[in-house]
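This report describes how one protein chain is put together. Please look over the sequence and the structure first.

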Amino acid sequence: MNADIILENANIWTVDNQLPRAQALAVSGNEIIFVGSNDRVQEMSGPNTRLLDLRGHLVLPGFNDCHTHFINAALRTATNFDLYWVTDMQEIQSRLRKFSEEHPDNDWLHGMRWFPTRINNGVWPTRADLDAVESKRPVVIFDIDGHSCWTNTAAIERMGYTASTPDPEGGQMLRDASGYPTGVFFEVAQEAFVRYPPVSVGEFPRLFQKEIARLNKLGITSISNNGIKPMYLDAIEAMDKNNSLQLRISEWPMILDGLDKAVELRERFAKSEKFRVHTVKTLMDGVMSNYSAWMLEPFADKPGETGYPVIDPEKLEPLVIEADRLGFQVATHVIGTRAVRTMLDIYERAQKENDRLDCRHRLEHVESSHPDDRKRFAELGVISSMTPVHCTADLEGYYISRLGDSGHLGFAWKSFLENSVHLSFGTDWPAVDLREPSPLEQIFGAVTRCTPQNYGKLKWHLEQCISVQDAIRSYTLEGAYAEKMEHRKGSLTTGKLADMIVLSENILESPPEKLLETKVLMTIFDGEIVHNLEAF
Ligand SMILES: [Zn+2]
(Lines give C-alpha, C1' and ligand atoms only; values in the text may rest on other atoms or scores of the structure.)
Protein backbone atom coordinates (compact mmCIF):
# COMPACT_ATOMS: atom_id res chain seq x y z
CA MET A 1 0.00 0.00 0.00
CA ASN A 2 1.29 3.49 -0.86
CA ALA A 3 1.59 5.89 2.05
CA ASP A 4 0.26 9.45 2.05
CA ILE A 5 2.95 10.55 4.50
CA ILE A 6 6.26 8.93 5.43
CA LEU A 7 8.41 10.08 8.36
CA GLU A 8 12.02 8.90 7.97
CA ASN A 9 15.29 9.43 9.86
CA ALA A 10 13.22 9.99 12.97
CA ASN A 11 13.80 9.17 16.61
CA ILE A 12 10.41 7.57 17.28
CA TRP A 13 9.37 6.65 20.81
CA THR A 14 6.17 4.72 20.24
CA VAL A 15 4.90 4.20 23.83
CA ASP A 16 4.22 0.65 22.60
CA ASN A 17 6.17 -1.96 24.59
CA GLN A 18 6.11 -4.38 21.63
CA LEU A 19 8.28 -2.00 19.57
CA PRO A 20 9.39 0.95 21.70
CA ARG A 21 11.79 2.56 19.21
CA ALA A 22 11.69 3.06 15.45
CA GLN A 23 13.30 5.17 12.68
CA ALA A 24 10.38 5.49 10.32
CA LEU A 25 6.62 5.50 10.14
CA ALA A 26 4.06 5.54 7.33
CA VAL A 27 0.53 6.96 7.29
CA SER A 28 -2.27 6.19 4.87
CA GLY A 29 -5.56 8.02 5.22
CA ASN A 30 -6.05 8.54 8.95
CA GLU A 31 -4.15 5.45 10.12
CA ILE A 32 -0.60 4.33 10.75
CA ILE A 33 0.27 1.56 8.29
CA PHE A 34 3.91 0.94 9.24
CA VAL A 35 6.35 1.54 12.10
CA GLY A 36 9.93 0.33 11.68
CA SER A 37 13.18 0.96 9.82
CA ASN A 38 14.20 3.53 7.18
CA ASP A 39 14.89 0.74 4.69
CA ARG A 40 11.56 -1.03 4.94
CA VAL A 41 9.46 2.14 4.89
CA GLN A 42 10.65 2.87 1.32
CA GLU A 43 8.45 0.01 0.09
CA MET A 44 5.44 2.16 0.95
CA SER A 45 6.59 5.19 -1.02
CA GLY A 46 4.61 6.03 -4.17
CA PRO A 47 4.35 8.99 -6.58
CA ASN A 48 1.99 10.91 -4.28
CA THR A 49 3.73 10.15 -0.99
CA ARG A 50 4.87 13.13 1.05
CA LEU A 51 8.33 12.22 2.35
CA LEU A 52 9.45 14.01 5.51
CA ASP A 53 13.08 13.75 6.61
CA LEU A 54 12.92 14.37 10.36
CA ARG A 55 16.70 14.72 10.79
CA GLY A 56 16.69 12.74 14.03
CA HIS A 57 13.90 14.64 15.81
CA LEU A 58 11.85 12.94 18.50
CA VAL A 59 8.38 11.70 17.49
CA LEU A 60 5.73 10.82 20.09
CA PRO A 61 2.01 10.00 20.00
CA GLY A 62 -0.20 13.10 20.20
CA PHE A 63 -0.85 14.25 23.77
CA ASN A 64 -4.17 13.43 25.45
CA ASP A 65 -5.31 15.99 28.07
CA CYS A 66 -7.55 13.72 30.12
CA HIS A 67 -9.44 16.36 32.15
CA THR A 68 -10.42 19.80 30.85
CA HIS A 69 -13.22 22.33 30.70
CA PHE A 70 -11.85 23.37 27.34
CA ILE A 71 -14.98 24.16 25.36
CA ASN A 72 -16.30 26.77 27.78
CA ALA A 73 -12.78 28.10 28.22
CA ALA A 74 -12.52 28.38 24.44
CA LEU A 75 -15.64 30.54 24.31
CA ARG A 76 -14.29 32.77 27.04
CA THR A 77 -10.84 33.03 25.48
CA ALA A 78 -12.42 34.03 22.19
CA THR A 79 -14.52 36.76 23.74
CA ASN A 80 -12.50 38.05 26.74
CA PHE A 81 -9.18 39.81 27.17
CA ASP A 82 -6.79 37.67 29.22
CA LEU A 83 -4.99 39.06 32.30
CA TYR A 84 -3.10 35.88 33.22
CA TRP A 85 -0.05 37.02 35.28
CA VAL A 86 -0.59 40.68 34.38
CA THR A 87 0.25 42.23 37.74
CA ASP A 88 0.72 45.88 36.83
CA MET A 89 -2.31 48.22 36.92
CA GLN A 90 -1.11 50.30 33.96
CA GLU A 91 -0.70 47.15 31.90
CA ILE A 92 -4.22 46.03 32.84
CA GLN A 93 -5.54 49.41 31.77
CA SER A 94 -3.69 49.35 28.49
CA ARG A 95 -5.02 45.85 27.72
CA LEU A 96 -8.54 47.06 28.41
CA ARG A 97 -7.98 50.14 26.21
CA LYS A 98 -6.74 48.01 23.33
CA PHE A 99 -9.59 45.51 23.68
CA SER A 100 -12.11 48.36 23.82
CA GLU A 101 -10.71 49.89 20.61
CA GLU A 102 -10.68 46.55 18.85
CA HIS A 103 -14.27 45.72 19.82
CA PRO A 104 -16.29 48.89 19.09
CA ASP A 105 -19.54 46.90 18.76
CA ASN A 106 -19.40 44.94 22.04
CA ASP A 107 -22.15 45.96 24.44
CA TRP A 108 -20.09 44.70 27.44
CA LEU A 109 -16.30 44.30 27.65
CA HIS A 110 -15.23 41.04 29.33
CA GLY A 111 -11.86 40.14 30.87
CA MET A 112 -10.63 36.90 32.44
CA ARG A 113 -7.95 35.24 34.63
CA TRP A 114 -7.04 38.22 36.78
CA PHE A 115 -4.98 37.40 39.95
CA PRO A 116 -6.44 39.50 42.83
CA THR A 117 -3.56 38.67 45.17
CA ARG A 118 -0.89 39.67 42.67
CA ILE A 119 -1.90 43.27 41.87
CA ASN A 120 -2.05 46.39 44.07
CA ASN A 121 -0.08 44.54 46.81
CA GLY A 122 -3.17 42.45 47.45
CA VAL A 123 -5.42 45.50 48.06
CA TRP A 124 -8.69 45.17 46.13
CA PRO A 125 -8.80 47.45 43.06
CA THR A 126 -11.87 49.65 42.41
CA ARG A 127 -14.20 50.66 39.62
CA ALA A 128 -12.23 53.94 39.31
CA ASP A 129 -9.24 52.00 37.93
CA LEU A 130 -11.39 50.79 35.04
CA ASP A 131 -13.45 54.01 34.67
CA ALA A 132 -10.19 55.80 33.82
CA VAL A 133 -10.08 53.78 30.60
CA GLU A 134 -13.72 52.99 29.83
CA SER A 135 -16.49 55.11 31.28
CA LYS A 136 -19.31 54.47 28.80
CA ARG A 137 -19.61 50.72 28.24
CA PRO A 138 -19.79 48.21 31.13
CA VAL A 139 -16.59 46.27 31.91
CA VAL A 140 -16.42 43.05 33.97
CA ILE A 141 -13.23 41.07 34.70
CA PHE A 142 -13.32 37.61 36.36
CA ASP A 143 -10.47 36.26 38.50
CA ILE A 144 -8.55 33.06 37.69
CA ASP A 145 -10.52 30.88 40.15
CA GLY A 146 -13.89 32.22 39.06
CA HIS A 147 -14.91 33.27 42.58
CA SER A 148 -14.54 37.08 42.26
CA CYS A 149 -15.10 39.79 39.67
CA TRP A 150 -14.13 43.44 39.21
CA THR A 151 -16.22 45.98 37.29
CA ASN A 152 -16.37 49.64 36.26
CA THR A 153 -19.13 52.07 37.25
CA ALA A 154 -21.05 51.61 33.98
CA ALA A 155 -21.42 47.89 34.83
CA ILE A 156 -22.78 48.70 38.29
CA GLU A 157 -25.26 51.16 36.79
CA ARG A 158 -26.32 48.68 34.10
CA MET A 159 -27.05 46.11 36.81
CA GLY A 160 -29.10 48.76 38.62
CA TYR A 161 -27.07 48.50 41.82
CA THR A 162 -27.10 51.39 44.28
CA ALA A 163 -25.94 51.98 47.86
CA SER A 164 -29.21 50.49 49.08
CA THR A 165 -28.98 47.24 47.07
CA PRO A 166 -28.51 44.41 49.60
CA ASP A 167 -25.87 41.67 49.22
CA PRO A 168 -27.37 38.48 47.78
CA GLU A 169 -27.40 35.38 49.99
CA GLY A 170 -24.03 33.61 49.64
CA GLY A 171 -22.40 36.66 48.05
CA GLN A 172 -20.83 40.01 48.87
CA MET A 173 -20.29 43.41 47.22
CA LEU A 174 -17.40 45.51 48.51
CA ARG A 175 -18.67 49.04 49.31
CA ASP A 176 -17.29 52.53 49.96
CA ALA A 177 -18.15 54.65 53.04
CA SER A 178 -21.51 55.65 51.49
CA GLY A 179 -22.43 52.01 50.81
CA TYR A 180 -22.03 52.28 47.02
CA PRO A 181 -20.32 49.22 45.42
CA THR A 182 -16.57 49.73 44.86
CA GLY A 183 -16.62 47.36 41.88
CA VAL A 184 -15.49 44.07 43.49
CA PHE A 185 -18.00 41.21 43.89
CA PHE A 186 -17.61 37.79 45.53
CA GLU A 187 -19.25 34.36 45.11
CA VAL A 188 -23.01 34.56 44.40
CA ALA A 189 -22.73 38.34 43.84
CA GLN A 190 -20.26 37.81 40.98
CA GLU A 191 -22.38 35.05 39.47
CA ALA A 192 -24.91 37.74 38.52
CA PHE A 193 -22.46 38.92 35.83
CA VAL A 194 -22.31 37.01 32.56
CA ARG A 195 -18.89 35.42 31.85
CA TYR A 196 -18.84 35.96 28.11
CA PRO A 197 -21.06 37.69 25.60
CA PRO A 198 -23.40 35.24 23.93
CA VAL A 199 -21.65 33.35 21.16
CA SER A 200 -24.14 32.45 18.47
CA VAL A 201 -24.29 28.94 17.10
CA GLY A 202 -23.19 30.44 13.78
CA GLU A 203 -20.07 32.02 15.28
CA PHE A 204 -19.12 28.98 17.34
CA PRO A 205 -17.26 26.84 14.75
CA ARG A 206 -14.81 29.63 13.82
CA LEU A 207 -14.01 30.47 17.46
CA PHE A 208 -13.79 26.83 18.39
CA GLN A 209 -11.49 26.01 15.49
CA LYS A 210 -9.15 28.82 16.48
CA GLU A 211 -8.86 27.43 20.02
CA ILE A 212 -8.39 23.87 18.76
CA ALA A 213 -5.50 25.15 16.62
CA ARG A 214 -3.96 26.45 19.84
CA LEU A 215 -4.15 22.93 21.33
CA ASN A 216 -2.71 21.36 18.18
CA LYS A 217 0.23 23.77 18.50
CA LEU A 218 0.87 22.37 21.99
CA GLY A 219 0.82 18.83 20.59
CA ILE A 220 -2.65 17.97 21.92
CA THR A 221 -4.77 15.72 19.70
CA SER A 222 -7.26 14.38 22.29
CA ILE A 223 -9.05 15.78 25.33
CA SER A 224 -11.66 14.75 27.84
CA ASN A 225 -14.05 17.64 28.39
CA ASN A 226 -16.71 18.49 30.91
CA GLY A 227 -19.35 21.16 30.43
CA ILE A 228 -20.33 21.72 26.80
CA LYS A 229 -23.55 23.70 26.34
CA PRO A 230 -26.13 21.59 24.43
CA MET A 231 -26.76 24.47 21.98
CA TYR A 232 -23.34 23.84 20.37
CA LEU A 233 -23.73 20.09 19.81
CA ASP A 234 -25.18 20.49 16.29
CA ALA A 235 -22.20 22.63 15.30
CA ILE A 236 -19.75 20.05 16.64
CA GLU A 237 -21.59 17.25 14.86
CA ALA A 238 -21.38 19.22 11.59
CA MET A 239 -17.65 19.90 12.10
CA ASP A 240 -17.10 16.19 12.69
CA LYS A 241 -19.00 15.26 9.51
CA ASN A 242 -17.27 17.83 7.28
CA ASN A 243 -13.86 16.87 8.66
CA SER A 244 -13.04 20.22 10.25
CA LEU A 245 -12.91 18.96 13.86
CA GLN A 246 -9.16 18.65 14.48
CA LEU A 247 -9.41 17.21 17.97
CA ARG A 248 -10.80 14.04 19.56
CA ILE A 249 -13.14 14.90 22.40
CA SER A 250 -14.52 12.61 25.07
CA GLU A 251 -17.38 14.65 26.54
CA TRP A 252 -18.60 14.01 30.10
CA PRO A 253 -22.19 14.97 30.90
CA MET A 254 -22.93 15.54 34.59
CA ILE A 255 -24.47 12.53 36.32
CA LEU A 256 -26.88 14.89 38.14
CA ASP A 257 -28.18 16.23 34.81
CA GLY A 258 -29.78 12.83 34.17
CA LEU A 259 -28.46 9.56 32.81
CA ASP A 260 -31.19 9.44 30.15
CA LYS A 261 -29.61 12.51 28.55
CA ALA A 262 -26.19 10.87 28.64
CA VAL A 263 -27.57 7.73 26.98
CA GLU A 264 -29.13 9.85 24.24
CA LEU A 265 -25.82 11.62 23.57
CA ARG A 266 -23.88 8.36 23.59
CA GLU A 267 -26.19 6.97 20.90
CA ARG A 268 -26.17 10.15 18.85
CA PHE A 269 -22.36 10.14 18.56
CA ALA A 270 -21.86 6.36 18.63
CA LYS A 271 -20.19 6.21 15.20
CA SER A 272 -17.76 9.10 15.68
CA GLU A 273 -14.08 8.67 16.51
CA LYS A 274 -13.80 12.40 17.25
CA PHE A 275 -16.65 13.12 19.66
CA ARG A 276 -17.70 10.44 22.10
CA VAL A 277 -19.83 10.21 25.24
CA HIS A 278 -18.92 7.23 27.42
CA THR A 279 -18.20 8.85 30.78
CA VAL A 280 -20.35 10.77 33.26
CA LYS A 281 -18.96 13.26 35.76
CA THR A 282 -19.70 14.02 39.39
CA LEU A 283 -18.05 15.57 42.47
CA MET A 284 -17.52 14.14 45.95
CA ASP A 285 -15.84 17.05 47.76
CA GLY A 286 -14.42 20.56 47.31
CA VAL A 287 -10.84 21.90 47.28
CA MET A 288 -7.86 22.20 49.64
CA SER A 289 -7.58 26.00 49.36
CA ASN A 290 -10.81 26.71 51.27
CA TYR A 291 -10.77 23.53 53.45
CA SER A 292 -13.68 21.86 51.67
CA ALA A 293 -11.58 18.79 50.74
CA TRP A 294 -13.04 15.83 52.70
CA MET A 295 -10.26 14.30 54.84
CA LEU A 296 -9.86 11.23 57.07
CA GLU A 297 -7.73 13.30 59.49
CA PRO A 298 -7.99 17.04 60.29
CA PHE A 299 -6.02 19.63 58.31
CA ALA A 300 -2.65 20.37 59.91
CA ASP A 301 -3.33 24.12 59.79
CA LYS A 302 -6.98 23.91 60.95
CA PRO A 303 -7.20 21.45 63.85
CA GLY A 304 -10.56 19.73 64.22
CA GLU A 305 -11.61 20.45 60.61
CA THR A 306 -11.89 17.56 58.15
CA GLY A 307 -13.75 19.25 55.30
CA TYR A 308 -17.02 17.89 53.89
CA PRO A 309 -18.65 16.14 50.95
CA VAL A 310 -20.49 18.38 48.46
CA ILE A 311 -23.06 15.63 47.90
CA ASP A 312 -24.51 13.07 50.30
CA PRO A 313 -22.70 9.80 49.43
CA GLU A 314 -25.91 7.86 50.04
CA LYS A 315 -27.63 9.98 47.42
CA LEU A 316 -24.77 9.58 44.94
CA GLU A 317 -24.35 5.80 45.30
CA PRO A 318 -27.54 4.68 43.51
CA LEU A 319 -26.74 7.06 40.63
CA VAL A 320 -23.24 5.59 40.28
CA ILE A 321 -24.65 2.05 40.38
CA GLU A 322 -27.15 2.95 37.67
CA ALA A 323 -24.48 4.64 35.52
CA ASP A 324 -22.31 1.52 35.88
CA ARG A 325 -25.24 -0.71 34.92
CA LEU A 326 -25.77 1.39 31.79
CA GLY A 327 -22.13 0.85 30.85
CA PHE A 328 -20.81 4.33 31.59
CA GLN A 329 -17.49 5.07 33.16
CA VAL A 330 -17.93 7.39 36.14
CA ALA A 331 -15.38 10.18 36.72
CA THR A 332 -15.56 11.67 40.22
CA HIS A 333 -13.76 14.76 41.52
CA VAL A 334 -11.99 13.74 44.76
CA ILE A 335 -9.43 15.86 46.61
CA GLY A 336 -9.37 14.65 50.24
CA THR A 337 -8.41 11.19 51.59
CA ARG A 338 -11.92 10.48 52.84
CA ALA A 339 -13.49 11.45 49.51
CA VAL A 340 -11.12 8.98 47.79
CA ARG A 341 -11.97 6.14 50.19
CA THR A 342 -15.72 6.80 50.04
CA MET A 343 -15.74 6.73 46.24
CA LEU A 344 -13.64 3.55 46.09
CA ASP A 345 -16.24 1.95 48.38
CA ILE A 346 -19.06 3.12 46.11
CA TYR A 347 -17.30 1.87 42.95
CA GLU A 348 -16.69 -1.47 44.67
CA ARG A 349 -20.36 -1.83 45.55
CA ALA A 350 -21.39 -0.88 42.00
CA GLN A 351 -19.12 -3.58 40.61
CA LYS A 352 -20.49 -6.18 43.04
CA GLU A 353 -24.04 -5.25 42.25
CA ASN A 354 -23.77 -5.21 38.44
CA ASP A 355 -20.91 -7.66 38.02
CA ARG A 356 -19.58 -5.87 34.93
CA LEU A 357 -16.00 -6.40 33.85
CA ASP A 358 -13.54 -3.64 32.92
CA CYS A 359 -15.67 -0.72 34.18
CA ARG A 360 -12.63 1.62 34.38
CA HIS A 361 -14.23 4.14 36.70
CA ARG A 362 -12.07 7.16 37.35
CA LEU A 363 -11.11 9.36 40.25
CA GLU A 364 -10.19 12.90 39.22
CA HIS A 365 -7.40 14.99 40.84
CA VAL A 366 -6.74 12.58 43.77
CA GLU A 367 -4.74 15.32 45.49
CA SER A 368 -4.38 13.20 48.64
CA SER A 369 -4.77 9.46 49.20
CA HIS A 370 -4.21 7.09 52.11
CA PRO A 371 -1.48 4.49 51.30
CA ASP A 372 -3.93 1.65 52.14
CA ASP A 373 -6.29 2.89 49.43
CA ARG A 374 -3.72 3.11 46.63
CA LYS A 375 -3.61 -0.62 45.94
CA ARG A 376 -7.42 -0.67 45.90
CA PHE A 377 -7.31 1.43 42.74
CA ALA A 378 -5.47 -1.44 41.04
CA GLU A 379 -7.69 -4.14 42.55
CA LEU A 380 -10.85 -2.36 41.41
CA GLY A 381 -9.39 -1.20 38.07
CA VAL A 382 -10.00 2.44 39.03
CA ILE A 383 -7.98 5.06 37.14
CA SER A 384 -6.14 7.83 38.98
CA SER A 385 -6.45 10.97 36.82
CA MET A 386 -4.19 13.75 38.09
CA THR A 387 -2.96 17.29 37.34
CA PRO A 388 0.76 17.76 38.12
CA VAL A 389 0.57 21.57 38.08
CA HIS A 390 -2.20 21.54 40.71
CA CYS A 391 0.53 20.16 42.94
CA THR A 392 3.43 22.40 41.96
CA ALA A 393 1.57 25.72 41.69
CA ASP A 394 -0.08 25.53 45.12
CA LEU A 395 2.52 23.79 47.29
CA GLU A 396 4.08 26.90 48.77
CA GLY A 397 0.80 28.84 48.81
CA TYR A 398 -1.19 26.48 51.04
CA TYR A 399 -0.80 22.81 50.21
CA ILE A 400 2.22 22.06 52.41
CA SER A 401 0.61 23.77 55.40
CA ARG A 402 -2.72 21.92 54.93
CA LEU A 403 -1.05 18.47 55.09
CA GLY A 404 1.78 19.25 57.54
CA ASP A 405 3.46 16.00 58.59
CA SER A 406 1.04 14.03 56.41
CA GLY A 407 2.72 15.30 53.24
CA HIS A 408 3.29 11.68 52.14
CA LEU A 409 -0.47 11.56 51.38
CA GLY A 410 -0.19 14.24 48.70
CA PHE A 411 -0.03 13.85 44.90
CA ALA A 412 1.35 10.31 45.10
CA TRP A 413 1.84 9.62 41.41
CA LYS A 414 4.91 7.40 41.87
CA SER A 415 3.11 5.28 44.51
CA PHE A 416 0.24 4.77 42.10
CA LEU A 417 2.64 3.48 39.44
CA GLU A 418 4.36 1.22 41.98
CA ASN A 419 0.95 -0.21 42.86
CA SER A 420 0.27 -0.89 39.14
CA VAL A 421 -2.49 1.72 39.03
CA HIS A 422 -3.43 3.31 35.71
CA LEU A 423 -2.30 6.95 35.99
CA SER A 424 -3.41 9.55 33.43
CA PHE A 425 -2.67 13.29 33.29
CA GLY A 426 -4.80 16.32 32.43
CA THR A 427 -4.72 20.08 33.06
CA ASP A 428 -8.20 20.90 34.41
CA TRP A 429 -7.92 23.86 32.00
CA PRO A 430 -8.59 26.76 32.58
CA ALA A 431 -8.59 26.25 36.39
CA VAL A 432 -4.82 25.91 36.59
CA ASP A 433 -1.84 28.24 36.92
CA LEU A 434 -0.65 27.80 33.32
CA ARG A 435 -0.54 30.33 30.49
CA GLU A 436 -1.52 27.60 28.02
CA PRO A 437 -2.69 24.02 28.76
CA SER A 438 0.85 22.85 27.97
CA PRO A 439 1.58 19.11 28.33
CA LEU A 440 5.34 19.79 28.43
CA GLU A 441 4.99 22.13 31.44
CA GLN A 442 2.83 19.51 33.13
CA ILE A 443 5.43 16.81 32.43
CA PHE A 444 8.04 19.13 33.97
CA GLY A 445 5.84 19.28 37.09
CA ALA A 446 5.46 15.48 37.23
CA VAL A 447 9.20 14.93 36.86
CA THR A 448 10.41 17.64 39.29
CA ARG A 449 7.43 18.38 41.61
CA CYS A 450 8.47 22.03 41.25
CA THR A 451 7.48 25.12 39.29
CA PRO A 452 10.07 26.59 36.91
CA GLN A 453 10.58 29.27 39.61
CA ASN A 454 11.25 27.04 42.64
CA TYR A 455 12.97 24.20 40.77
CA GLY A 456 16.10 23.12 42.65
CA LYS A 457 15.01 25.00 45.80
CA LEU A 458 11.79 23.34 46.95
CA LYS A 459 12.21 19.71 48.03
CA TRP A 460 8.82 18.28 48.97
CA HIS A 461 8.37 14.50 48.74
CA LEU A 462 10.65 14.19 45.75
CA GLU A 463 10.37 10.39 46.15
CA GLN A 464 7.11 10.81 44.22
CA CYS A 465 8.84 12.25 41.11
CA ILE A 466 8.42 10.05 38.04
CA SER A 467 10.49 9.62 34.87
CA VAL A 468 9.84 11.59 31.69
CA GLN A 469 8.95 8.29 29.98
CA ASP A 470 6.29 7.48 32.59
CA ALA A 471 4.91 11.03 32.42
CA ILE A 472 4.66 10.83 28.60
CA ARG A 473 2.87 7.48 28.94
CA SER A 474 0.36 9.09 31.33
CA TYR A 475 -0.19 11.85 28.75
CA THR A 476 -0.68 9.49 25.80
CA LEU A 477 -1.44 5.76 26.13
CA GLU A 478 -2.87 6.05 29.66
CA GLY A 479 -5.12 8.92 28.52
CA ALA A 480 -6.43 6.65 25.76
CA TYR A 481 -6.82 3.77 28.25
CA ALA A 482 -8.75 6.08 30.59
CA GLU A 483 -11.36 6.57 27.85
CA LYS A 484 -11.26 2.92 26.67
CA MET A 485 -9.71 3.92 23.35
CA GLU A 486 -6.25 2.37 23.69
CA HIS A 487 -7.01 0.00 20.79
CA ARG A 488 -7.26 3.05 18.47
CA LYS A 489 -4.85 5.64 19.85
CA GLY A 490 -2.28 6.50 22.53
CA SER A 491 0.74 4.78 20.93
CA LEU A 492 2.41 4.75 17.51
CA THR A 493 1.33 1.29 16.44
CA THR A 494 0.35 -0.09 13.04
CA GLY A 495 -3.42 0.08 12.66
CA LYS A 496 -3.96 2.92 15.14
CA LEU A 497 -5.11 6.45 14.30
CA ALA A 498 -2.38 8.71 12.90
CA ASP A 499 -2.13 11.28 15.74
CA MET A 500 1.49 12.23 16.47
CA ILE A 501 3.90 15.05 17.20
CA VAL A 502 7.50 16.04 16.43
CA LEU A 503 9.51 17.81 19.16
CA SER A 504 12.46 20.18 18.92
CA GLU A 505 14.39 18.47 21.76
CA ASN A 506 15.03 14.87 22.72
CA ILE A 507 13.21 15.19 26.04
CA LEU A 508 13.83 11.51 26.84
CA GLU A 509 17.50 12.24 27.39
CA SER A 510 17.79 15.95 28.23
CA PRO A 511 17.61 17.48 31.74
CA PRO A 512 14.09 18.47 32.95
CA GLU A 513 14.60 22.22 32.39
CA LYS A 514 14.82 21.52 28.63
CA LEU A 515 11.13 20.54 28.74
CA LEU A 516 10.30 24.22 29.24
CA GLU A 517 12.16 25.27 26.07
CA THR A 518 10.95 22.41 23.91
CA LYS A 519 8.74 23.29 20.96
CA VAL A 520 6.22 21.13 19.16
CA LEU A 521 7.52 21.39 15.58
CA MET A 522 4.74 19.43 13.95
CA THR A 523 1.39 17.90 14.88
CA ILE A 524 -0.31 15.29 12.72
CA PHE A 525 -3.96 14.66 13.55
CA ASP A 526 -6.09 12.01 11.86
CA GLY A 527 -3.43 11.71 9.15
CA GLU A 528 -3.30 15.46 8.37
CA ILE A 529 -0.55 17.92 9.26
CA VAL A 530 -2.45 20.44 11.43
CA HIS A 531 0.51 22.35 12.88
CA ASN A 532 3.88 22.87 11.25
CA LEU A 533 6.63 25.07 12.62
CA GLU A 534 9.55 23.69 10.65
CA ALA A 535 9.90 22.36 7.11
CA PHE A 536 11.02 18.73 6.93
ZN1 LIG B 1 -12.23 19.96 36.53
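In strand S24, Ile524 is the bridge partner of Met500. The model is predicted, so local features need pLDDT of at least 70, side-chain atom pairs count only at pLDDT 80 or more, and totals for chains, interfaces and linings use all residues. Residues are numbered from 1 along each chain as its sequence is written.

| Strand | Partner | Sense | Bridges |
|---|---|---|---|
| S7 (residues 58-61) | S23 (residues 500-503) | antiparallel | four bridges |
| S23 (residues 500-503) | S24 (residues 520-525) | antiparallel | four bridges |
| S21 (residues 383-386) | S22 (423-425) | parallel | three bridges |

Met500 is also the bridge partner of Pro61. From S23, Met500 and Val502 point one way while Ile501 and Leu503 point the other way, and all are buried. A residue is buried if 20 or more other C-beta atoms lie within 10 Å of its own, exposed if 12 or fewer, and partly exposed in between, with C-beta atoms placed from the backbone. In a regular strand, side chains alternate between the two faces of the sheet.

Both Met500 and Val502 are in contact with Val59, as are Leu7, Ala10, Asn11, Ile12, Leu25 and Leu54, leaving aside neighbours within four places in sequence. Contact requires C-beta atoms, placed from the backbone, that lie within 7 Å.

Val59 is among the residues with the most contacts inside the largest nonpolar core, which has 116 residues; the others named are Leu25, Met343 and Ile443. The largest share of this core, seven residues, comes from helix H11 (residues 337-354). At least three residues of the core come from each of domain 1 (1-61 + 491-536) and domain 3 (204-489). A second, separate core of 21 residues includes Phe81, Met112, Ile156 and Phe185. A nonpolar core is a set of buried Ala, Val, Leu, Ile, Met, Phe, Trp, Tyr and Cys residues joined through C-beta atoms within 7 Å.

The chain also has a domain 2 (81-191). The centres of domain 1 and domain 2, taken over C-alpha atoms, are separated by 47 Å. Domain bounds come from an automatic or database domain assignment.

Helix H11 has 18 residues, which at 1.5 Å a residue should span 26 Å, and its end C-alpha atoms are 26 Å apart, in agreement. The expected span is 1.5 Å times one less than the number of residues. Buried residues of H11 include Val340, Met343, Leu344 and Tyr347. They pack against helix H10 (313-325), strand S19 (329-334), strand S20 (362-365) and helix H12 (371-380). Just after H11, Asp355 takes a positive phi of about 55°.

S19 and S20 are part of an open sheet of five strands in the order S18-S19-S20-S21-S22, with parallel pairing. S18 (279-283) and S22 (423-425) stand at the edges with a single partner strand each, so one side of each has no neighbour in the sheet.

Pro253 lies in the loop between strand S16 (248-252) and helix H9 (259-268). Why does Pro253 count as buried? Pro253 has 23 other C-beta atoms within 10 Å. Leaving aside neighbours within four places in sequence, its contacts are Lys261, Ala262, Leu265, Val277 and Val280.

Conventions
Helix = DSSP H or I, 4+ residues; strand = E, 2+ residues; numbered from the N terminus. Contact = placed C-beta atoms within 7 Å. Pairing = 2+ DSSP bridges.
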